[in-house]
Amino acid sequence: MKKLVSVFLALVIMFTALTPICSVSASAASYKQLDIPVVRIFGDGEPLYNKDGEMIFHFSEMLSIGGSIEKEQLYSSVINVVMPFLIEGLGTGNFDRYYAALEKEIGELFAEARLDENGNPAEGQGVSQERIQTMERWLKNPKCRDFIFWYDWRLDPYESAASLKEYIEQIKDVTGKDKVSVQSFCLGSSVIVAYIEKYGTDDLYGVSFDSSVVNGAEIISEPISGKFRINGNAINRFLADCNANGLFKVDEFVNQTLDLLVKTGVVGSVVSTVREKLYYKLFEGVTSALALSTFFTWPVYWSAVTEDDYDNAMNYVFGKEGSEKRIKYAGLIEKLDNYDEKVRQKLPEILKQVEADGVKIVVFAKYGYQIVPIIESSDAVADQYVSAKRASFGATTSTVYGTLDEDYIVNRLAEEKGKYISPDKQIDASTCLFPEYTWFAKGVSHSDRPDAEYEILYAAMRADRQLTVDDFKYTQFMVYDNDAKVMSAMTEENCNTYNWKANDAEDNPTTKDGWVNALIVSFMRWLTGLLKVLVKVISAKAAVTG
């Protein structure tokens with residue numbers, strides 16, 4: 001009996017001792033997962049086909065555009081563009097024929113992928129029949145809870161939203177559920193916000209915005225609004241990222257050579273000369289020609305133009321009010337202005353209403369990569385395509401060259417908002433539209449989606465309450481190890497995930513001595529790289545002759 005009592009007391013003591021631990025664990029996971037269907041909607045990664053089943057566009061196969069492109073066709077196009085530029089443009093200062101030739105030649109290469117003057121595709125174009133059949137198969141399975149909405153992502157977000165509405169109604173019918181959750185990625189965020197503006201939130205249990213561009217994407221917005229810039233240092237960083245991601249291999253000596261060209265001023269001088277002599281004269285016309293002959297007959301791309309850039313972008317691409325192109329593209333412009341008026345200008349109001357309606361919200365932003373380096377925002381903290389500031393709906397960020405100002409951090413600490421400062425001191429989440437529902441993952445590029453990312457999204461989209469950054473072991477700020485494929489909570493020790501070192505003093509010296517020192521360092525790196533290349537060449541020749 002005594003032995004039984006002793007065992008009982010021991011169990012009581014053990015239970016009492018463990019209660020605080022169990023309570024913390026339960027508190028961190030005190031939610032239930034409900035039986036909610038989840039629909040994923042992506043951006044522009046899906047290949048598109050014509051009515052004959054032939055691929056007309058896929059970013060990973062750019063040479064597929066318009067069919068097979070022969071070298072002779074490319075050479076002919078180059079000549080047709082260059083001749084009016086050299087003969088008439090430089091000779092007389094009138095570049096109109098050059099603009100027309102550029103738009104015509106580039107447009108022919110992108111002929112099938114472009115939309116018409118009203119923003120409509122050719123008959124029969126869209127996603128593959130295989131995708132359509134897969135969606136139909138899911139809709140015949142009452143047990144299915146995981147869906148993908150495949151669509152022609154080029155279209156006006158409102159047109160895609162109408163198709164999404166039909167799909168959601170079908171999902172509700174087959175599953176017997178009255179609500180679904182929607183995970184939006186990249187340009188899919190524009191579609192779901194257009195959906196919410198038009199149809200409200202009655203059908204929605206939860207909505208997530210992952211790598212969202214609905215608040216604007218610098219890489220789309222800036223090049224067509226007069227903010228096209230080439231940054232040599234950023235190019236080097238971008239190449240390092242592409243190398244690390246396995247997109248393509250860049251020889252170290254190429255990087256060293258480019259860096260030397262930047263430090264000696266060759267790149268900067270060439271760009272400055274072009275800017276001074278031709279830039280302002282040419283830029284609007286070239287922007288218009290390239291935009292309308294490639295991607296900017298696609299209304300969805302316009303949804304990623306920022307509110308600040310929209311008017312300038314319209315003028316650069318279509319000209320001033322009453323211009324010939326404004327008249328020609330009136331149908332397309334009507335769609336663009338409708339989205340601008342109903343969504344872009346009212347975005348915070350729409351999103352806050354989503355929260356007020358009790359819809360579960362997740363915002364997921366990524367960073368740790370160089371944004372595509374042809375824009376003014378080349379030093380933005382970003383995921384290659386969109387800044388963390390815009391993807392998170394308002395985070396305050398540093399640049400890639402440093403951290404948030406110390407005084408700024410001190411003030412945030414005094415306001416008891418220190419928990420919103422990332423361990424690497426590059427992000428303050430307290431200024432986000434939804435600071436409690438916004439996660440940041442460093443070391444994850446725009447198009448990469450680790451398992452931990454989906455873990456958070458699915459859990460939050462099916463939880464019986466609104467989850468916050470305190471509900472997951474990853475915390476608000478995470479770090480991804482791309483080699484080990486592991487996501488961890490960010491600390492000061494593990495937060496340096498960049499594939500490059502951004503040294504502001506070296507990249508952008510402010511004194512003559514600084515420039516000299518940077519040049520010497522760059523030259524020595526280049527010389528060392530050259531010697532390595534020579535050794536390889538000599539060794540290879542010796543191996544052949546030996």
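**Close-up views of a predicted model**

**View 1. Val38 and its opposite number across two strands.** In this predicted model, Val38 stands opposite Asp146 in E4. Val38 belongs to strand E1, which covers residues 38-41. Three bridges join E1 to E4, and the two strands run parallel.

**View 2. The whole sheet, strand by strand.** Let us step back to see where this pair belongs. The sheet is open and has eight strands, in the order E4-E1-E5-E6-E7-E10-E11-E12. Its pairing is mixed. Strand E4 (146-148) and strand E12 (486-489) stand at the edges, and each has a single partner strand, so one side of each is left without a neighbour in the sheet. From one strand to the next, the twist averages 20°.

**View 3. A helix against the sheet.** Here we meet helix H6, residues 188-199, which packs on the sheet. Helix H6 touches E1, strand E5 (180-185) and strand E6 (204-210). The direction of H6 makes about 145° with that of E6.

View 4. Which residues line the largest cavity? They are Asp156, Pro299, Trp302, Ser303, Lys335, Leu336, Tyr339 and Arg344. Helix H11 (299-302) and helix H14 (330-342) are the elements that give two or more residues to this lining. H14 gives the most, with three residues.

Technical notes. Residues numbered from 1 in each chain as written. Predicted model: local features only at pLDDT ≥ 70, side-chain atom pairs only at ≥ 80, totals over all residues. Heavy atoms only, no water. 1 Å grid on protein atoms, 1.4 Å probe; cavity = no way out; pocket = protein on both sides within 12 Å on 5 of 7 lines; lining within 4 Å. Helix = DSSP H or I, 4+ residues; strand = E, 2+ residues; numbered from the N terminus. Pairing = 2+ DSSP bridges. Axes fitted to C-alpha atoms, helices over the stretch in contact; angles between N-to-C directions. Contact = heavy atoms within 4.5 Å.
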